[in-house]
Amino acid sequence: MRPAILNPLFAEVTALKGIGPQLARPLERLGLARAVDIAFHLPSGFIDRTPVASLDGVVSGQVITVILTPLDYRQGGARSPFRVHASDSKGNIVSLVYFGGNPGWARKLLPLGEARVVSGKLESYGEEWQIVHPDHVLPPEEAADLPEREPVYPLSEGLTGKRLAALAAQALARAPDLPEWIEPSVLARQGWPAWRAALATAHADPADKAARRRLAYDEIFANQLALMLVRASERKRRGEPLAGDGRLRDRLRLPYAPTGAQARAIAEITGDMAQATPMLRLLQGDVGSGKTLVALMALLAAVEAGAQGALLAPTEILARQHCANLTALLAGLPVNVAILTGREKGKVRESTLIGLADGSIDILVGTHAIFQQAVAYKRLGLAVVDEQHRFGVAQRLLLAQKAERPPHLLVMTATPIPRTLTLTHYGEMDVSRLDEMPPGRQPVETRVLSDARLDEVVDALARHLSGGGQAYWVCPLVEESETSDQAAAEARAAALRLRFGDDRVGLVHGRMKGPDKDAAMAAFAAGKTALLVATTVIEVGVDVPNATLMIVEGAERFGLAQLHQLRGRVGRGSGRSVCLLLRGRQLSETGRARLALMRETNDGFRIAEEDLRLRGAGELLGTRQSGEHVFRLADDAALQELLPIASDDARLLVDRDGGLDGPRGQAARLALYLFERDAGVNLLRSG
């Protein structure tokens with residue numbers, strides 16, 4: 001239960017003065033539902049309103065604050081702008097221009113012969129200076145009310161910066177003075193203000209770096225402390241030890257000997273599973289590094305110990321592919337594999353549910369359907385979650401609750417994650433890394449071409465297909481819209497069908513019905529179609545070894561991680577593979593750097609580090625999870641710099657300063673509630 005001292009700050013925005021239904025809408029668009037959300041909605045920049053003595057030396061486009069004396073009023077016709085000619089202390093003339101409305105208001109604001117402090121953007125208009133609709137006009141005795149730095153807030157239509165600043169002042173008035181949770185030596189070394197003072201300063205003077213760093217640190221510290229508390233709590237929980245005897249794993253006929261990295265990961269995972277403490281492990285592997293084999297070994301270890309395993313996939317395509325691959329690898333072994341997605345209905349679904357409940361199904365593969373309320377397991381011992389970042393934390397928790405005792409949990413991601421973000425998002429997990437490629441995997445040759453050479457690319461594609469090869473053509477992200485991406489894919493498929501024939505070109509996009517999507521994928525996998533035109537729906541998990549050419553149109557619109565995932569769809573056989581990145585003719589510096597790196601390296605971990613540098617932590621993993629808490633006050637630069645300090649500070653609190661029971665711990669408990677890591681503590685168990 002949230003401490004009462006924080007309740008005023010967590011009140012709904014409607015508790016603030018002046019907020020009715022009309023203003024609530026733009027606030028809602030910005031995600032500002034409570035006073036604390038407004039308090040943490042910090043300025044993105046500032047306007048420098050430092051006063052100048054005169055117009056001498058100023059430049060066009062500069063925001064100035066200067067004392068002016070109105071000399072006369074001028075207006076042409078009724079629709080002409082109203083101009084107030086004014087002079088500074090040295091006789092320089094400037095026009096203050098007002099469009100529309102009644103000029104009486106401007107006359108009252110700027111009486112002739114009386115000095116006024118005027119602040120606004122100075123512009124040249126022909127031979128004269130002008131300020132259109134000055135931001136501030138004040139009598140000299142009120143000039144002290146004008147801040148030298150005025151905050152600029154991220155806004156939404158229907159909300160002005162002035163109104164948001166007023167709401168921020170109300171939210172700040174609700175913020176209490178809180179006891180200090182930062183270790184005294186850290187606070188002294190950094191020279192930071194107290195929490196509430198830092199928050200007030202961050203709004204009043206956005207250029208104050210110490211205040212922003214303090215707030216970012218607080219949020220990172222609360223996150224790291226929550227992770228450590230989860231970790232400590234996990235060590236006390238009792239699960240079910242699952243020590244397989246190897247009878248199934250020894251009979252597997254694998255297509256290749258496991259790499260050293262795979263063998264090491266398998267040993268780490270099966271070692272964890274043999275303990276009474278529930279395993280909580282992240283398996284990171286680059287595209288094609290063999291995570292599925294590691295997961296299979298873990299699932300077989302669970303089955304050998306008399307338990308059931310569940311493999312959760314993010315899409316139906318990937319779930320069916322996993323099921324097909326596992327079934328093929330387990331051929332001849334007494335292991336019953338079943339699939340459950342939203343498409344299984346009637347008797348098929350009922351039979352699967354009965355098999356899970358009576359224990360005759362050993363391994364269940366599926367989408368989110370596998371943790372719905374009607375699904376009951378006899379003895380779920382291991383849950384494997386593939387492509388972790390596509391599932392909400394609460395969904396993973398539902399799966400973990402399907403067993404009497406907490407099941408062992410293995411989370412896999414094919415998006416290599418920089419070490420900073422691994423600590424930030426998965427600090428309560430043990431981590432295994434697959435940093436070797438299985439034998440036979442060839443590096444993919446990557447080329448970057450201008451889309452002006454599109455006709456040449458289509459001719460090269462024709463030669464590739466005529467030689468018996470298969471290829472992907474991925475259409476660009478037109479905008480943040482599934483339908484526009486779909487339209488781009490449909491248009492490109494239509495154009496390519498004119499060249500290659502309807503029966504040779506398949507099409508897959510996210511708006512297709514499951515059976516149609518699966519049919520198109522199956523036709524491509526079976527070689528019935530030679531070219532698959534797609535949106536990023538094929539980013540994860542599609543495996544067609546004969547496809548050795550990947551064409552990505554509008555490549556500059558994709559992030560590095562996405563491009564790397566798409567490139568990973570080829571190079572899955574022993575043949576030479578090529579990835580062509582078609583770029584537009586106008587490239588930003590970031591876009592140019594991305595494409596150059598893709599051409600230079602196939603190393604997913606290096607690409608991930610560069611992605612963090614170029615794009616920032618918030619974007620790295622693609623689509624944010626529904627309901628997942630993201631950092632609001634700490635950007636990627638702050639994470640990189642402050643995370644090690646915050647981790648050490650949180651560890652000191654847990655190990656030396658009595659955890660949450662000591663004096664500093666009581667203050668830290670408030671920080672957990674303030675930054676909403678308290679509710680996350682229970683959910684973080686699920687990964």
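Predicted model: local features only at pLDDT ≥ 70, side-chain atom pairs only at ≥ 80, totals over all residues.
1. Staying with β11, its partner is strand β12 (residues 363–366), joined to it in parallel by 4 bridges. Within this pair, V337 stands opposite I363.

2. Next, the open sheet: 6 strands pair in parallel, in the order β16-β21-β20-β17-β19-β18. Because β16 (445–450) and β18 (505–508) are at the edges with a single partner strand each, one side of each has no neighbour in the sheet. On average, neighbouring strands here are turned by 20 degrees against each other, direction ignored.

3. Inside that sheet, 5 bridges link β17 (residues 470–474) to β20 (residues 547–552) in the parallel sense, with Q470 opposite A547. Helix α14 (residues 454–466) lies across β16, β17, β19, β20 and β21, at about 150 degrees to β17. Helix α18 (residues 589–600) also packs on the sheet, where it touches β16 and β21 and makes about 145 degrees with the direction of β16.

4. Finally, a look at L23 in helix α1 (residues 21–29). L23 counts as buried because its relative accessibility is 7%, below the 20% cut-off. Its contacts beyond four places in sequence are G18, G158, L159, R163 and L167. The C-alpha atoms of L23 and L159 lie 7.1 Å apart, although 136 residues separate them along the chain.

Note on methods
Residues numbered from 1 in each chain as written. Heavy atoms only, no water. Helix = DSSP H or I, 4+ residues; strand = E, 2+ residues; numbered from the N terminus. Buried < 20%, exposed > 50% of the residue type's maximum accessible area, 1.4 Å probe, protein only. Contact = heavy atoms within 4.5 Å. Pairing = 2+ DSSP bridges. Axes fitted to C-alpha atoms, helices over the stretch in contact; angles between N-to-C directions.
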